[in-house]
Amino acid sequence: MSDSRDLAGAEPPAINRHLQAWRTTLGNASLGVGRSIPIRTYGRLTRAVGLVLEAVGLRLPVGSDCLIELPPGYAQRTTEAEVVGFAGDRLFLMPQTEVAGLLPGARVYPLETASAAGNGGAPAEPGSKRLPAGAGMLGRVVDAAGRPLDGLGPLDFSREVPLSAAPINPLARAPIDSVLDVGVRAINALLTVGRGQRMGLFAGSGVGKSVLLGMMARYTSAEVIIVGLIGERGREVKDFIENTLGVEGLARAVVVAAPADTSPLLRLQGAAYATSLAEYFRDQGKDVLLIMDSLTRYAMAQREIALAVGEPPATKGYPPSVFAKLPALVERAGNGARDASGKGGAITAFYTVLTEGDDQQDPIADAARAILDGHVVLSRSLAESGHYPAIDIEASISRAMTSLIEPGQFDAVRRFKQMLSRYQRNRDLISVGAYAAGHDLQLDKAIALYPKIEAFLQQGMAERAGYLEAVAQLEQLFQAD
């Protein structure tokens with residue numbers, strides 16, 4: 001009772017002191033709430049077998065990125081991984097780097113991006129990963145994550161592009177109606193390639209496909225060149241850039257390198273990044289030549305991931321998802337829509353396809369032939385005889401060629417193939433002297449023309465043969481008839 005009387009009879013300054021104390025206490029509490037560190041959810045690593053890690057305690061969509069903590073003593077505190085599947089409450093993760101050092105129960109955090117940081121730390125949406133692009137990247141060499149590999153300092157880029165793109169309405173694409181000069185005589189004249197066409201380069205190992213790609217990169221009339229080196233040997237990356245592509249080719253090119261020692265995730269990402277860069281320049285109205293070496297290594301990377309998460313193998317060890325990934329990647333190339341003036345960019349793509357043991361019926365080679373607009377086959381027997389580029393004209397085809405060339409060139413191509421085929425079918429008889437001249441007039445013409453045909457098909461690495469020049473030389477072969 002006395003306490004109540006004291007408080008009731010307290011002087012106003014005493015009451016003010018009590019109120020001020022309460023205000024100070026409440027203010028400090030609210031300030032502490034404002035400065036508190038936001039709660040960050042995490043899961044735990046429960047299993048690591050082969051390439052796949054399993055985690056529980058997180059609910060993330062496929063395609064999300066995570067950070068897995070490493071124990072003390074390692075140069076990096078975390079390693080990055082991507083969600084590639086799930087089963088119940090278990091997430092299947094694929095790391096982007098070596099997994100040595102991971103411990104059972106290691107914390108797994110959803111990766112925060114710049115856009116996610118402004119959203120309360122929520123994980124970015126799947127497929128929202130964006131990497132640098134811009135005209136300032138010409139002449140640079142980057143890895144699959146957009147980091148420079150050439151030691152020339154930070155990248156000069158104008159924007160970031162997503163790794164995935166919405167499919168283009170096929171009716172919105174501009175038709176393939178103009179020729180792209182690739183600087184190789186045999187291809188320009190006999191396998192004419194159009195702007196926006198997608199071609200396959202089918203070859204075994206060691207038959208000169210990298211040299212042929214380098215010639216096209218140096219001599220093409222395209223304004224921008226995007227080179228994706230996917231799953232190749234690390235030594236070949238530097239050799240291709242310095243010796244095959246050269247200074248002239250690199251000056252208008254961007255090289256994306258994801259060699260064989262990188263994770264399958266980065267190999268897939270490297271192919272998608274190279275395609276995204278090509279799409280960026282196409283949308284700027286540029287003529288782009290996209291060279292991807294190789295489509296087979298891309299398929300193998302997807303096979304590694306699919307088998308690791310438990311997808312059953314189908315054709316020669318390739319799971320069904322591989323054959324769904326290939327057209328999704330290839331269809332991103334081609335012509336874009338044209339503006340009101342009839343102008344628009346184009347991606348003309350060459351994808352190399354490795355034929356194991358020179359088997360043209362390899363499942364990846366067979367699938368690639370079905371989704372591409374033509375194929376150039378390199379022959380091992382021609383390469384072994386010193387015939388370069390070792391293009392097997394009889395086995396190669398350009399499906400868009402007939403709508404691109406003039407009737408005179410078409411007749412010359414038809415006669416060229418007839419003469420070459422007639423000679424090749426009788427080559428053994430001619431070699432052993434079993435054929436006598438005069439028995440077959442067409443074969444006699446083929447024999448007489450064969451030295452010129454063989455010279456026409458061969459071309460030095462430092463020699464450029466433009467489209468008009470190649471067509472003129474082709475027509476000259478038959479002027480004496």
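User: How many residues does helix α7 have, and what distance does helix α7 reach from its first C-alpha to its last?

Analyst: Happy to take you through it. A word on the basis: this is a predicted model, in which local features need pLDDT of at least 70 and side-chain atom pairs count only at pLDDT 80 or more, while totals for chains, interfaces and linings use all residues. Residues are numbered from 1 along each chain as its sequence is written, and side-chain values use heavy atoms, with hydrogens and water left out.

Helix α7 spans residues 264-283, has 20 residues and reaches 29 Å from its first C-alpha to its last. That is close to the 28 Å expected at 1.5 Å a residue, where the expected span is 1.5 Å times one less than the number of residues. Helices here are DSSP runs of H or I with at least four residues, strands are runs of E with at least two, and both are numbered from the N terminus. In α7, 19 of the 20 residues are buried, so the helix is largely enclosed by the rest of the structure. Buried means under 20% relative accessible area, exposed means over 50%, and partly exposed lies in between, with a 1.4 Å probe and protein chains only. Just after α7, Gly285 takes a positive phi of about 85°.

Of its 481 residues, 48% count as buried. Among contacts in the chain with a separation of 6 or more, 71% join residues 24 or more positions apart; contact means heavy atoms within 4.5 Å.

Now to the strands. All six residues of β12 (residues 253-258) are buried. Ala253, Val255 and Ala257 lie on one side of β12, with Val254, Val256 and Ala258 on the other. In a regular strand the side chains alternate between the two faces of the sheet. Strand β8 (residues 140-143) is joined to β12 by four bridges and runs parallel to it; strands count as paired if DSSP finds at least two bridges between them. Here Val141 stands opposite Val255. β11 also pairs with β12 in the parallel sense, over six bridges, and Ile230 has Ala258 as its bridge partner in β12.

Helix α5 (residues 209-219) is mostly covered as well, with nine of its eleven residues buried. Among those buried are Lys209, Leu212, Met216, Arg218 and Tyr219. The elements that cover the buried residues of α5 include β10, β11 (224-230), α6 (234-250) and β13 (287-293).

Strand β10 (residues 198-203) holds Arg198. Arg198 is buried, with a relative accessible area of 10%. The side chain of Arg198 makes a polar contact with the side chain of Glu331 at 3.3 Å. A polar contact is a pair of N or O atoms within 3.5 Å; within protein, one must be able to donate a hydrogen and the other to accept it, and residues adjacent in sequence count only if both atoms are side-chain atoms. Not counting residues up to four places away in sequence, Arg198 touches residues including Tyr351, Leu372, Asp373 and Gly374.

Gly374 also belongs to strand β16 (residues 374-377), where Gly374 and Val376 on one side and His375 and Val377 on the other are all buried. Three bridges join β10 to β16, and the two run parallel; Phe202 has Val377 as its bridge partner there. On to β17 (residues 397-398): two bridges join it to β16 in an antiparallel arrangement, and His375 is partnered with Ile397.

Finally, the cores. The largest nonpolar core has 63 residues, of which Ile187, Leu190, Ile391, Phe416, Leu457 and Leu474 touch the most other members. Domain 2 (130-402) and domain 3 (409-477) both give residues to this core, so it lies between them; the domain bounds come from an automatic or database domain assignment. A second, separate core of 55 residues includes Val254, Leu277, Ala367 and Leu372. A nonpolar core is a set of buried Ala, Val, Leu, Ile, Met, Phe, Trp, Tyr and Cys residues joined through side-chain atoms within 4.5 Å.
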